[in-house]
Amino acid sequence: MSFIKRLTRRKSTEPDFHGETLFGADLVTPGENTKAGNQDGFETGSCGRVFSANISESTARLSISPTGTPDGVFGVAPEDLPQDALSRVENRLTVPRCLEYLVTWLSKNNAEAVEGIFRKSGKTSRVRAAKDLLNSGQEMDSAGMSEGLLAIDVACVLKEYLKLLPTPLLSSRKNEIVAAMEHADEVKRNMELRKAILLLPKLHQDIVAYVIAFLNRIADNSEVNKMTSKNLAVCFEPNLFGIVDNITSLSTQQRIALGEERVAQVNAMQVLISSSAFFR
């Protein structure tokens, strides 16, 4: 039975599944641990993405619906979802059921061992089909799956879900988060950052905590997947804070200020991914 009641899906343009960029900046900060850097035989591509010539991806299997429905979960605010479209996880967090399916699927299919997970692009047709599956209310269960879907595809779907939310999850406390990162003292910085996170709407806070906990597990396996907390922070910052449209219309000063703000947001994401203590 579908877990989704009738919802009006927000119209959007065809999404880009190639990841985001921080003004074209390289994802690896000079001086940090460069597990994902060129010294490991990787090549930094456009938008700071890193590719490997020898990528071993575990092929996952999923029965996907060929068509979607006009109703669904993508582009719908979590607070507007019906109760049966929400899940209680870890006995304390409430998250959209579709997000739980995505994280569970990635965990079951050993996404932590996939090089470039959340950085590499999935195949557009497979990503779209997986989105249609979720929008139609079908569960992503590992039992009886058909051949073809990769962990990279499902990772793109997860990022796309966050990207299409009407209100980015961290945007309501962006000013407080950026201000927290200005503190030179690490203890003071972390205390202010935790305060900002606790001021988020409860549902948004739960979803961020759930996603960050999963990214923490990905980063813990960076020796294998080449995705450090910094790399993951750059990949997820636009999806959790939102992006500014029509950057070309901004003045040089405005662009510089925006760039500095986004750097602070990426740094905040890195701190959060590196420690799950902020959500306890």
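So, is Phe236 buried or exposed? Phe236 is buried, at a relative accessible area of 0%; buried here is under 20%, exposed over 50%, partly exposed in between, with a 1.4 Å probe and protein chains only.

Quick caveats. This is a predicted model, where local features need pLDDT of at least 70, side-chain atom pairs count only at pLDDT 80 or more, and totals for chains, interfaces and linings use all residues. Residues are numbered from 1 along each chain as its sequence is written, and side-chain values use heavy atoms, leaving out hydrogens and water.

Okay, rings. Phe, Tyr and Trp rings (six-membered ring for Trp) pair if their centres lie within 6.5 Å; planes under 30 degrees apart are stacked, over 60 edge-to-face, the rest tilted. That rule gives three aromatic pairs.

Take Phe74 and Tyr161: they're edge-to-face, 5.7 Å centre to centre with 85° between the planes. Phe74 sits in the loop between strand 3 (59-61) and strand 4 (86-89), and Tyr161 in helix 3, 87 residues apart. Helices here are DSSP runs of H or I, at least four residues, and strands are E runs of at least two, numbered from the N terminus. Both Phe74 and Tyr161 are buried.

Now back to Phe236. Its ring centre is 5.0 Å from that of Phe118, and the planes are at 70°, so that pair is edge-to-face too. Phe118 is in the loop between helix 1 (97-108) and helix 2, Phe236 in helix 8 (residues 229-241), so the pair ties together parts 118 residues apart in sequence. Phe118 is buried as well, at 2% relative accessibility. And Phe118, Phe214 and Phe236 make up one aromatic cluster.
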